[in-house]
Amino acid sequence: MGPTQKADTREHTLKRMLDMLDEAADRGASLVVFPELAFTTFFPRWLLEGEELDQYFERGMPNPAVMKLFDRARALRVGFYVGFAELTPDGRRYNCAILVDRDGEILGRYRKVHLPGSVEPRPGARYQQLEKRYFDYGDLGFPAFRAGSAWAHAIMGMMICNDRRWPESWRVLGLQGVELVCIGYNSAAYDPNGGVTEDASLRTFHSTLVTQANAYMNATWAISVAKAGEEDGSGLIGGSCIVDPNGRIVAQAQTLTDEVIVADIDLDLCRQGKDKMFNFAAHRRPEQYRVITERAGVIEPAVLDAD
């Protein structure tokens, strides 16, 4: 999906999303994946307060401002994943995504766990990364959901942006037998934390790398979708891709604008990895992983005796 500017109206953004939904349905898709914060610009790049901030949050989902998407998808018999900023009735704020089935019912909800950036703005930075300021950490873990017959009873999971860079996200889903992971992201085409060692090319490579590697190591399909291009003067990488359980890219976006890519997903391809190389029941040794499961933070390495 191309960029969404701060000045764009909700109607304008929805029209773009509906056009892509229609094209995907015409090309035979039964599931469409939209990016993180799909309805708005990536607002954590600015320091905001009060109504200026609140305008970006959805008080419920669906709601009247997005109902056209739900209605059109239901009419087309196409399900979808979409990311948005969630404001709960008790005042908590999450970077959220939902998975909606072909009947228009919400199959699952996920709240972003790995929030990047900082609480306080960086002095002198033109663009900020203030997700830690605006969002609470996700409180739902990494749940997997069993789809209905329309999606071949697939075991599905979700991540949002930075989650895809953390192997723990994938392994928690992998241990639940996940067969299809849906991911939306808004990733800067520069180092959002400052510095000049990362550019758009390297960050696109990293985005693709983690999707391919972790899809393979958990024997799952992955659909990873960007909001891309120049958004309010700030660059976002593209690289949307569909990856099979062998880690191979089967479809990839070629532009930084609205673009639909389609692939046939054969869940049986998960069996090779799940039954053999990554048969967790047969080969994992969790008793050796306690340093991961029982401790937080950085662990000091053992000191070896040079003699």
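Predicted model: local features only at pLDDT ≥ 70, side-chain atom pairs only at ≥ 80, totals over all residues.
User: Why is α1 called roughly parallel to α3?

Analyst: The axes of helix α1 (residues 10–26) and helix α3 (residues 67–76) come within 10 Å and cross at roughly 10 degrees. Angles under 35 degrees count as roughly parallel, over 145 as roughly antiparallel, 65 to 115 as roughly perpendicular and the rest as oblique. The pair α1 and α3 is therefore roughly parallel. The axes are lines fitted to C-alpha atoms, for helices over the stretch in contact, and angles run from 0 to 180 degrees between N-to-C directions. Helices (H or I, at least four residues) and strands (E, at least two) are DSSP runs, numbered from the N terminus.

User: What makes α5 roughly parallel to α6, and what is the handedness of their crossing?

Analyst: Helix α5 (residues 167–174) and helix α6 (residues 200–217) have axes that come within 10 Å and cross at roughly 30 degrees. That angle makes α5 roughly parallel to α6. The crossing of α5 and α6 is right-handed; a crossing is right-handed if the near helix is turned clockwise from the far one by less than a right angle, and left-handed if anticlockwise. In α5, P167, W170 and R171 meet V210, T211, N214, A215 and M217 of α6. The residues of this contact divide into 5 nonpolar, 2 polar and 1 charged.

User: How do you know whether G174 and T208 are buried or exposed?

Analyst: Buried means under 20% relative accessible area, exposed over 50%, and partly exposed in between (1.4 Å probe, protein chains only). G174, in helix α5, has a relative accessible area of 4% and is therefore buried. T208, in helix α6, is at 10% and so counts as buried too. Not counting residues up to four places away in sequence, G174 touches N218 and F280, while T208 touches G239, I249 and Q252.

User: What makes R45 and S234 buried, and which polar contacts do their side chains form?

Analyst: R45 is in the loop between β1 (31–33) and α2 (50–54); with 2% relative accessibility, R45 counts as buried. S234 belongs to strand β11 (residues 234–236), and its relative accessible area of 2% likewise makes S234 buried. A polar contact is a pair of N or O atoms within 3.5 Å; within protein, one must be able to donate a hydrogen and the other to accept it, and residues adjacent in sequence count only if both atoms are side-chain atoms. The side chain of R45 reaches the backbone oxygen of F42 at 3.3 Å, and the side chains of S234 and Y190 are joined by a polar contact of 2.8 Å. Leaving aside neighbours within four places in sequence, S234 is in contact with R45, Y127, Y190 and G229.

User: Why is D232 called partly exposed, whereas A219 is called buried?

Analyst: D232, in the loop between β10 (229–231) and β11, counts as partly exposed because its relative accessibility is 22%. A219, in the loop between α6 and β9 (221–226), is buried because its relative accessible area is 0%.

User: What is phi in A219 and D232, and what is omega between M61 and P62?

Analyst: Phi is near 50 degrees in A219 and near 50 degrees in D232, a positive value in a residue other than glycine in each case. The peptide bond joining M61 and P62 is cis, with omega about 5 degrees; P62 lies in the loop between β2 (57–58) and α3. Most residues other than glycine have a negative phi, and most peptide bonds are trans.

Technical notes. Residues numbered from 1 in each chain as written. Heavy atoms only, no water. Contact = heavy atoms within 4.5 Å. Nonpolar A, V, L, I, M, F, W, Y, C, P; charged D, E, K, R; others polar.
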